[in-house]
Amino acid sequence: MPTFPSLWALLWTVLQFSAMGCIQSLKCKPKSFRDSVIVLELNTSIDSNPTSIDEASSVVLRYRTPHFRAHARLLVPPVAAKETWTIGWIQACNQMMFYNTYRDKGMSSWELPDLRDGKIQAISDSDGVNYPWYGNTTETCTVVGPTKKDSKFAVSMNDNFYPSVTWGVPVSDSNVPLLSSIQRDQSFTTWLVAINQATSETVVLRTVRWRMRLHIQVDPEKPLGQRAVLKEPVAQEQPQILGKNEPIPPNAMVKPNANDAQVLMWRPKKGEPMMVIPPKY
């Protein structure tokens, strides 16, 4: 009959082999792509410069907002499987208010009907070509497995507004300047995402929210070049990187994008609203 010391020695040996087996199996089991991608760095900002106003044209007022910018550095450990992943930025518009007031005549309004009416939560802000991606130059990178060593990538994007607003009422043949106010308030969600090209498996790595607001007051009686004044805000709120990722709404992944879906409405003080520019899709 074995002695107590020998029993303890036997038990200790069994436990050691068992533990080593567990450790070995953990090491040998490759991590999935979802679990292995590391975001080394993420920087987001809105430029500190105020919105600039351009009155060079006698037909339209132009303005240029500061840029929203996002930059991420990523580490992808060796990919064991034969699979291809795209990593990059997907952006959607969550809310849009864009009013151009023409004294007592009424206002023109750029609108996203389905978003305005609550039919969808968000609409794609893709470049209109590389759905669902915001763009396909600096905005994305591709990982083709299998790979034997770590890979490092950087993806970046920027966004701003540079529209033209007519001095005169957009439904009138007259170009008499009546524009008296421009107000704009838009909210966006921007995701850093990895998508498997074969299976469409989608991994949200980071979620960012940002907003762009402006109010320009216009005196159409003044000479060209002296009419418009930026009222607020001079500096935009900085973007927010969320502590918990948000899922991407279905409409943020597919056509149409915001540029193709938006319509220009004329909403007179008296009379019925009319569509000036229809959607492009």
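**Exercise 1.** Determine how the residues of the lining of the largest pocket divide into nonpolar, polar and charged.

*Solution.* Step 1: apply the classes, in which Ala, Val, Leu, Ile, Met, Phe, Trp, Tyr, Cys and Pro count as nonpolar, Asp, Glu, Lys and Arg as charged, and the others, Gly among them, as polar. Step 2: the lining holds eleven nonpolar, six polar and four charged residues. Step 3: of the 21 lining residues, Asn160, Phe161, Arg184, Asn259 and Gln262 lie nearest the centre of this pocket. Two or more lining residues come from each of β5 (84-102), β11 (181-196) and α4 (258-261).

A pocket is an open set of points on a 1 Å grid over the protein atoms alone, where a 1.4 Å probe fits, with protein on both sides within 12 Å along at least five of seven lines; lining residues have an atom within 4 Å of a point. Helices (H or I, at least four residues) and strands (E, at least two) are DSSP runs, numbered from the N terminus. The model is predicted: local features need pLDDT of at least 70, side-chain atom pairs count only at pLDDT 80 or more, and totals for chains, interfaces and linings use all residues. Residues are numbered from 1 along each chain as its sequence is written, and side-chain values use heavy atoms, with hydrogens and water left out.

**Exercise 2.** Identify the element that gives the most to the lining of the second largest pocket.

*Solution.* Step 1: β5, β6 (106-111) and α3 (113-116) each supply at least two lining residues. Step 2: β5 gives the most, with six residues. Step 3: the lining comprises eight nonpolar, three polar and three charged residues.

**Exercise 3.** State which residues have the most contacts inside the largest nonpolar core.

*Solution.* Step 1: a nonpolar core is a set of buried Ala, Val, Leu, Ile, Met, Phe, Trp, Tyr and Cys residues joined through side-chain atoms within 4.5 Å; buried means under 20% relative accessible area, exposed over 50%, partly exposed in between (1.4 Å probe, protein chains only). Step 2: in this core of 54 residues, they are Phe33, Ile87, Trp89, Ile182, Leu192 and Leu205. Step 3: strand β12 (residues 202-218) contributes the most, with eight residues.

**Exercise 4.** Is Val129 buried or exposed?

*Solution.* Step 1: Val129 lies in the loop between β7 (123-124) and β8 (140-144). Step 2: Val129 counts as exposed because its relative accessibility is 68%.
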